[in-house]
Protein chains: 2
Amino acid sequence: MPKPQIEVCFSPLLYEKYHNEHNIVVVCDILRATTSICTALGNGATEVIPVRSVEEARKYKERGYILAGERDGKTLDFADFGNSPFNFTPERVKGKPVAYSTTNGTKAVFLGKDSRGVIVGAFINLMAVARYLMRQQQNVLVLCAGWKGKFCLEDSIFAGALAEILIKDGAFAIECDATNAALDLWSIAKQYLMEYVQKMAQRERLRKLGLDDVLDFCFTLNTSDIVPVLKEDRLIPVKL
Amino acid sequence: MPKPQIEVCFSPLLYEKYHNEHNIVVVCDILRATTSICTALGNGATEVIPVRSVEEARKYKERGYILAGERDGKTLDFADFGNSPFNFTPERVKGKPVAYSTTNGTKAVFLGKDSRGVIVGAFINLMAVARYLMRQQQNVLVLCAGWKGKFCLEDSIFAGALAEILIKDGAFAIECDATNAALDLWSIAKQYLMEYVQKMAQRERLRKLGLDDVLDFCFTLNTSDIVPVLKEDRLIPVKL
């Protein structure tokens with residue numbers, strides 16, 4: 001039997017070229033949506049409901065849901081809080097569903113819907129995601145949320161970090177240039193990760209908004225053993 | 001005055017996100033279209049006419065033009081020859097215009113049309129392209145032709161090689177994650193370039209078609225001092 005493949009899609013705008021209904025899609029938006037989703041579920045939220053539009057987000061709020069929401073890094077004015085993982089405290093989210101709408105990440109979750117499965121990845125749950133995928137033994141597509149359609153470094157090096165684990169011991173194979181590129185980028189970045197973060201465009205955007213207190217948290221590996229898995233348009237926690 | 005920027009677009013499908021009318025767009029399709037265009041003009045073709053569709057290519061042939069054309073690596077059956085740079089010999093092209101249609105590269109040339117300018121880059125004319133851009137002192141966008149919309153390594157490392165020259169001496173600045181990624185990839189690839197080529201997906205496609213005799217040629221730097229420049233839908237040679 002051929003080994004399962006790992007491919008990387010660097011932007012949601014390229015997704016149609018990489019789409020295959022047999023893939024498990026791993027959505028990543030390291031700064032900050034997917035890190036926050038993992039944090040919310042790790043802190044006891046029963047589910048995270050990814051919400052595409054601002055209008056839809058408003059409806060969830062009106063129906064009494066806890067709503068996290070931002071556009072371009074700024075909290076939606078009617079939301080309970082914004083996009084920082086520090087917002088999703090146990091006090092706020094434990095035992096409750098959370099509706100969540102962001103510029104890039106929550107939209108990317110829906111792109112993978114016509115695949116075998118969609119899960120959410122971040123550095124904080126990297127090894128849990130790898131374990132999940134190794135159990136499944138299916139083709140993997142890492143979908144980088146990017147920045148408004150553009151390539152971004154933080155999601156790409158996450159893809160490389162995940163690919164590095166999956167190809168170790170020869171469990172997965174690579175025939176994808178983007179995966180090889182992600183591996184190469186990660187091979188550089190991991191040597192001095194927090195320095196590497198400094199050159200990311202998103203790091204600068206967050207700094208200008210005073211939102212760069214999350215960097216250490218977002219680039220610390222394996223603090224969570226939760227894999228958010230999409231079930232009927234909701235992300236539920238699977239512990240690994 | 002702020003320094004001119006260098007950005008990199010990894011796929012024509014992302015072009016709209018990077019487009020700016022003030023950019024000079026450098027189109028690259030290293031394996032093999034843009035290497036071939038540089039070769040044709042270096043060997044004395046008066047101009048290369050990039051042709052988008054197979055139908056349009058047929059019309060050029062009917063009107064008596066020399067026609068080079070391929071789809072998915074295979075020569076169009078009515079073309080004079082295919083996409084290998086070795087086809088564009090002085091005997092065939094000197095003093096003549098050449099019409100040229102390929103899977104990825106020639107289409108990408110037209111994408112940049114609404115910019116300040118479009119030029120064609122390859123490893124064989126890398127330094128000539130850099131000299132051209134340093135004289136212009138305008139923002140640069142390297143547009144990677146990719147493979148059917150997907151990211152490809154060979155075009156990305158070319159972008160990195162070009163960026164490396166342009167940022168040396170501080171003439172150009174980078175605020176683009178894709179440019180930083182391209183630089184990192186090139187920093188790895190240049191250490192052992194012909195080995196690095198072995199992992200490219202396009203290298204394997206060419207091998208299967210028996211068309212991989214061009215690799216040494218396509219990854220040899222600075223054998224040409226010609227920069228193809230788009231003027232009224234035709235690429236003309238500028239010597240630098």
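In this predicted model, chain A is superposed on chain B by a rotation of 180 degrees with 0.0 Å of shift along its axis, at an RMSD of 0.0 Å. That is the relation of a two-fold axis. The same surface serves both copies, since 100% of the contact residues of chain A recur in chain B. In general terms, two copies of a chain are related by a rotation about an axis and a shift along it.

**Interface between the chains**

The contact between the copies involves 24 residues of chain A and 24 residues of chain B. On the side of chain A that touches chain B, the elements that give two or more residues are helix 7 (153-167) and helix 8 of chain A. Helix 8 of chain A supplies the largest share of that side, seven residues.

Helix 8 of chain A spans residues 177-189 and includes A:Ser187. A residue counts as partly exposed when its number of C-beta neighbours within 10 Å falls between the limits of 12 or fewer for exposed and 20 or more for buried; A:Ser187 has 15 such neighbours inside 10 Å and is therefore partly exposed. Between A:Ser187 and A:Ala161 there are 26 residues of sequence separation and a C-alpha to C-alpha distance of 8.3 Å.

Two packed helices are described by the angle between their axes and the distance between the axes. The table lists this pair for each chain.

| Helix pair | Axis angle | Axis distance |
|---|---|---|
| Helix 6 (residues 126-136) and helix 7 of chain A | about 45 degrees | 10 Å |
| Helix 6 (residues 126-136) and helix 7 (residues 153-167) of chain B | roughly 45 degrees | within 10 Å |

In chain A, helix 6 and helix 7 are therefore oblique to each other, and helix 6 passes helix 7 in a right-handed crossing. A:Leu126, A:Val129, A:Ala130 and A:Leu133 of helix 6 make the contact with A:Ala161, A:Leu162, A:Ile165 and A:Leu166 of helix 7.

In chain B, helices 6 and 7 are likewise oblique to each other, with a right-handed crossing. There, B:Leu126, B:Val129, B:Ala130 and B:Leu133 of helix 6 meet B:Ala161, B:Leu162, B:Ile165 and B:Leu166 of helix 7.

**Nonpolar core**

In soluble globular proteins, nonpolar side chains tend to be buried together. The largest nonpolar core of this model has 176 residues. Those with the most contacts inside this core are A:Val26, A:Val142, A:Leu162, B:Val26, B:Val142 and B:Leu162. Leaving aside residues up to four places away in sequence, A:Val26 touches A:Ile119, A:Gly121, A:Val129, A:Val140, A:Val142, A:Leu143 and A:Leu162. Among these partners, A:Val129 and A:Leu162 also take part in the contact between helix 6 and helix 7 of chain A.

Conventions. Residues numbered from 1 in each chain as written. Chains lettered and ligands numbered in written order. Predicted model: local features only at pLDDT ≥ 70, side-chain atom pairs only at ≥ 80, totals over all residues. Least-squares fit on C-alpha atoms with pLDDT ≥ 70 in both. Contact = placed C-beta atoms within 7 Å. Core = buried A, V, L, I, M, F, W, Y, C linked by C-beta atoms within 7 Å. Axes fitted to C-alpha atoms, helices over the stretch in contact; angles between N-to-C directions. Helix = DSSP H or I, 4+ residues; strand = E, 2+ residues; numbered from the N terminus. Parallel < 35°, antiparallel > 145°, perpendicular 65-115°, else oblique. Left-handed = near helix turned anticlockwise from the far one by under 90°.
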